[in-house]
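Thanks for coming. Let's walk through one fold this morning. Have a look at the screen.

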Amino acid sequence: METITVEEHFILTDVQEKVSALASKDPKGVPLKTMLSALEEKTGFHGEDDLDQHKTRMKFMNDHNVRMQILSYGNQAPSLLTGDDSIQLCQLCNDVLGEYVDLRPTRFQGFAVLPINEPNAAAQELRRSVNELGLKGALIAGRGADGTFLDHPKYEVIFETAAELEVPIYIHPAPIKSDVYQSYYQSPSYDEVTASTFACFGYGWHTETGIHAIRLVLSGLLDRYPNLQFILGHWGEFVPFFLERMDQTLLANHLARPVSAYFKENFYVTPSGMLTKPQFDMIRHYFGIDRILYAADYPYVKPEDLSTFLDTLNLTPTQQAKIAYQNAEQLFNIDTQQG
């Protein structure tokens with residue numbers, strides 16, 4: 001069965017170079033070069049995220065029965081920057097992505113990258129990306145440059161705009177801040193390679209992303225914008241495991257509903273290439289088939305069983321089709337005649 005996969009990444013080489021030159025360097029933070037080298041060693045990733053690697057991307061899609069990828073900016077996004085540099089580079093990325101999608105609308109759609117450290121400009125860029133470029137929402141990776149999570153009131157204009165436009169926001173991991181890295185993940189008993197992978201894709205940035213999502217719920221944002229929709233990858237970034245616990249023990253009387261209700265009604269979940277049945281069973285139990293999207297996390301993960309995993313889950317043809325492509329078609333308003 002053909003699929004629509006919704007967490008698939010790209011980068012632009014010239015933007016990467018500019019971000020690397022402009023980004024503030026923190027000698028106590030996660031060593032990004034060490035982490036990326038470890039990713040290459042562990043998963044076989046070798047720069048296939050560059051948008052120029054079109055033939056390689058298309059071969060993967062065709063080999064694994066992927067009808068369409070929803071593209072989003074990958075590592076070292078310009079959203080990490082501040083000021084005009086971030087605004088201009090995010091606009092450039094979205095313009096290039098919009099052109100790429102326009103050339104191949106039956107194979108690709110996209111998420112905008114936003115200059116979140118300039119919230120008003122980010123809201124304007126989201127509106128432009130959706131209304132003028134035809135992008136399907138935005139992917140936001142990590143916290144603001146000052147360490148604030150997105151539940152801070154200054155970011156609300158972004159979510160107000162997303163709710164008005166009726167497009168989802170994908171909450172995605174990013175390298176954690178240096179104080180967290182030093183306190184939780186560095187150790188004299190293992191080296192920097194282990195520490196950096198533990199702090200990032202091995203565990204750490206997933207728990208932080210889950211905390212990020214919980215904070216957005218606890219902020220009351222979804223009482224103010226009840227139609228706003230989020231997406232979480234990696235089977236929900238550890239949140240589903242604690243939904244019942246939070247309902248039982250987390251005191252949040254200011255909210256209109258139990259914490260779990262917001263996740264079940266305002267969040268979609270993807271596997272992000274973690275094609276594992278126990279996690280799927282939990283997501284199916286808590287969220288239901290209609291809230292599951294499919295994703296490979298290409299090219300950082302390239303699952304060999306991407307085209308066959310759904311066949312192993314004892315789903316009906318109707319259920320399998322919903323996860324494979326129909327839920328994405330509905331959420332992103334994808335024309336089924338084109339798709």
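How many residues does the largest nonpolar core have, and which of them have the most contacts inside it? There are 83 residues, and Phe 230 and Phe 263 have the most contacts within the core. By nonpolar core I mean buried Ala, Val, Leu, Ile, Met, Phe, Trp, Tyr and Cys residues joined through side-chain atoms within 4.5 Å. Buried is under 20% relative accessible area, with a 1.4 Å probe and protein chains only.

Some ground rules. This is a predicted model: local features need pLDDT of at least 70, side-chain atom pairs count only at pLDDT 80 or more, and totals for chains, interfaces and linings use all residues. Residues are numbered from 1 along each chain as its sequence is written, and side-chain values use heavy atoms, with hydrogens and water left out.

A second, separate core has 17 residues, including Leu 139 and Tyr 170. Those two stand opposite each other, Tyr 170 being in strand 5.

Now the sheet. Four strands form an open, parallel sheet, ordered 4-5-6-7. Strands here are DSSP E runs of at least two residues, helices are H or I runs of at least four, and both are numbered from the N terminus. Two strands pair if DSSP finds at least two bridges between them. Strand 4 and strand 5 are joined by four. Strands 4 and 7 are the edges, each with a single partner strand, so one side of each has no neighbour in the sheet.

Last, helix 6, residues 156-165. Seven of its 10 residues are buried, so the rest of the structure largely encloses it. Among them are Phe 159 and Leu 165. Just after the helix, Glu 166 takes a positive phi of about 60 degrees.

How values were computed. Buried < 20%, exposed > 50% of the residue type's maximum accessible area, 1.4 Å probe, protein only.
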